[in-house]
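Welcome, and thanks for taking a look at this one. Please have the sequence and the 3D view open side by side as you read.

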Amino acid sequence: MPEESKRKINGRIKLGGLLVVLFLLLYIPSFIFWIYGKNIHTDIIRMGELEDYVTTDAYIVRDETVINSPSDGISIRNVEEGEKVGAADTIATILNKSSEKLLEDLKTLDLRIIQAKREKTKNDNFFSEDIKKLDQEIQRKLLLIIKQSNRNSISEAKQIKNDIDELIKKKATISGDLSYTDATIKALENEKKILQESINASKRNIVSNSSGIVSYVIDGYEGILNSEKIPEITPEMLGMIKAVENNGMANDLNTQYNKPFVKVIGGLDYYIVFAMAKEEADDFKVDDYLNIRINDIGRVVDGTIAYKSNEIDGKFVIAVRTDKALSDTASLRVINVDLIKSRYEGLIVPVKSLVNIDTDRMQAKIALVRARRANFVPVKIVGRNNNFAVIDNIEDYKDGGVSLYSSYIINPKNIEEGQVIN
């Protein structure tokens with residue numbers, strides 16, 4: 001191979017090698033940044049609420065007076081589920097079985113009376129103009145008679161009188177039809193009055209002996225789940241309590257003699273009772289204030305821990321007294337609740353965005369993005385759970401802190417101070 005050709009080939013190899021090196025120098029850093037940099041996700045700090053709570057099943061304990069039905073039959077309720085009733089007020093009326101046919105007859109009579117009144121109104125509107133015209137024609141004919149009499153025209157006056165008689169007969173016919181409709185309505189109303197008297201003679205009223213909230217849901221626990229017997233309640237007893245089908249009971253209008261029909265919930269307070277293992281129960285002490293979210297009705301009520309038992313088979317029975325949502329819970333016995341131990345509001349971020357967490361001092365650091373670079377800022381942890389934390393600025397930190405809508409790195413693992421963040 002000629003020497004000149006060798007030199008050309010070597011030159012091309014060197015140039016190609018140089019280009020490869022330059023390519024790698026430019027490509028590898030970009031590749032590394034693409035692999036690792038794409039995992040740097042950011043977000044902005046927002047306002048939020050954070051709760052530390054325990055979810056458990058609980059049981060409603062209240063003072064209830066059960067009233068039995070005085071007879072078999074069907075009930076007509078004067079007071080609906082969850083409504084208030086005063087002492088001596090009539091809660092419902094019980095009609096015996098024989099009255100059911102009378103009630104059906106009463107409904108039929110009401111429909112007939114309504115129809116008859118509609119017909120009367122229609123006839124009144126239809127014939128009123130005819131009667132008015134007949135009256136005007138009769139008046140005109142009478143004036144003609146007087147005029148013909150003055151002229152001594154007896155034959156013409158007699159003809160006019162015959163015309164008047166015909167007009168009066170037409171009017172009487174129309175008025176008679178209307179009077180017949182009135183008589184029909186009156187007869188139907190008299191028949192209705194007799195039926196109502198028969199029904200009233202067979203009905204029995206259920207009267208409340210005290211004021212309170214009415215509930216038609218009877219679950220059989222009214223005698224054992226009252227405020228006086230709270231100290232006797234055990235975790236085992238609570239575990240045996242079963243929820244009942246509230247809707248069926250609340251809407252059933254049938255009654256049985258001497259069987260529970262309705263109950264009146266007395267007093268202003270009731271109790272939410274639950275059992276907890278020792279580890280969780282240590283956070284709840286008598287006289288502590290507590291918020292409870294009743295998930296069955298979607299409401300948060302506040303109360304005070306009124307009772308805490310001694311340890312029973314590794315558990316404690318705790319009773320919270322409240323005076324909120326008494327009507328809304330009237331038909332409930334077994335409920336699902338969130339026991340809210342604490343609640344925080346402020347700047348909220350995921351816990352994984354915090355580093356160097358000091359649980360004793362309740363402090364940590366968060367990586368903010370400032371001028372496209374990571375800046376670790378110390379913050380105070382106001383409150384937290386497993387997933388989120390409410391943070392605030394440390395009072396003596398002067399170099400700028402966190403604020404609403406500050407940009408931060410969601411997962412600052414392997415991020416260094418001052419690192420460029422795209």
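Here is a short briefing, grouped by topic.

The model you see is predicted. Its chain has 422 residues, 35% of them buried, and its secondary structure amounts to six helices and 20 strands. Among contacts with a separation of 6 or more, 77% are between residues 24 or more positions apart. The accessible surface is about 25,800 Å², and carbon and sulfur atoms hold 51% of that area.

**Nonpolar cores**

- The largest nonpolar core has 26 residues, and the members that touch the most others are Ile 272, Ile 292, Ile 294, Ile 335 and Leu 339.
- Two or more residues of this core come from each of β2 (46–61), β11 (270–277), β12 (289–294), β13 (299–308), β14 (315–322) and β15 (334–350).
- Strand β11 provides the largest share, with four residues.

- Glu 64 sits in strand β3, which covers residues 64–68.
- Is Glu 64 buried or exposed? Glu 64 counts as buried because its relative accessibility is 11%, and the cut-off for buried is under 20%.
- Setting aside neighbours within four places in sequence, Glu 64 touches Glu 222, Lys 263, Val 264, Ile 265 and Arg 333.
- Two of these partners also meet the Glu 64 side chain through polar contacts between side chains: Lys 263 at 3.2 Å and Arg 333 at 2.9 Å.
- Val 214 is 150 residues away from Glu 64 along the chain, yet their C-alpha atoms are separated by 9.5 Å.

**A four-stranded open sheet**

- In this antiparallel sheet the strand order is β7-β6-β4-β9.
- The edges are β7 (203–207) and β9 (254–255), each of which pairs on one side only.
- Strand β4 (residues 73–77) runs antiparallel to β9, and two bridges join them.
- Across that pairing, Ile 74 has Asn 254 as its bridge partner, while Gly 73 faces Thr 255.
- With strand β6 (residues 90–95), β4 makes four bridges, again in the antiparallel sense.

**Aromatic pairs**

- How many aromatic pairs does a search of the whole structure find? There are two.
- One is formed by Tyr 216 and Phe 261, edge-to-face, with 5.5 Å centre to centre and 70° between the planes.
- This pair links parts of the chain 45 residues apart: Tyr 216 lies in the loop between β8 (212–215) and α4 (235–240), and Phe 261 is in strand β10 (residues 260–265).
- Tyr 216 and Phe 261 are both buried.
- Phe 274 and Phe 284 also form an edge-to-face pair, at 6.2 Å centre to centre with 75° between the planes.
- Here the partners are 10 residues apart, with Phe 274 in strand β11 and Phe 284 in the loop between α6 (278–281) and β12.
- Phe 274 is buried, its relative accessible area being 0%, and Phe 284 counts as buried at 2% relative accessibility.

Definitions and conventions. Residues numbered from 1 in each chain as written. Predicted model: local features only at pLDDT ≥ 70, side-chain atom pairs only at ≥ 80, totals over all residues. Heavy atoms only, no water. Buried < 20%, exposed > 50% of the residue type's maximum accessible area, 1.4 Å probe, protein only. Contact = heavy atoms within 4.5 Å. Polar contact = N/O pair within 3.5 Å; in protein donor to acceptor, adjacent residues only side chain to side chain. Core = buried A, V, L, I, M, F, W, Y, C linked by side-chain atoms within 4.5 Å. Areas by Shrake-Rupley, 256 points an atom, 1.4 Å probe, with all protein chains shown as cover. Pairing = 2+ DSSP bridges. Phe/Tyr/Trp six-rings, centres within 6.5 Å; stacked < 30°, edge-to-face > 60°.
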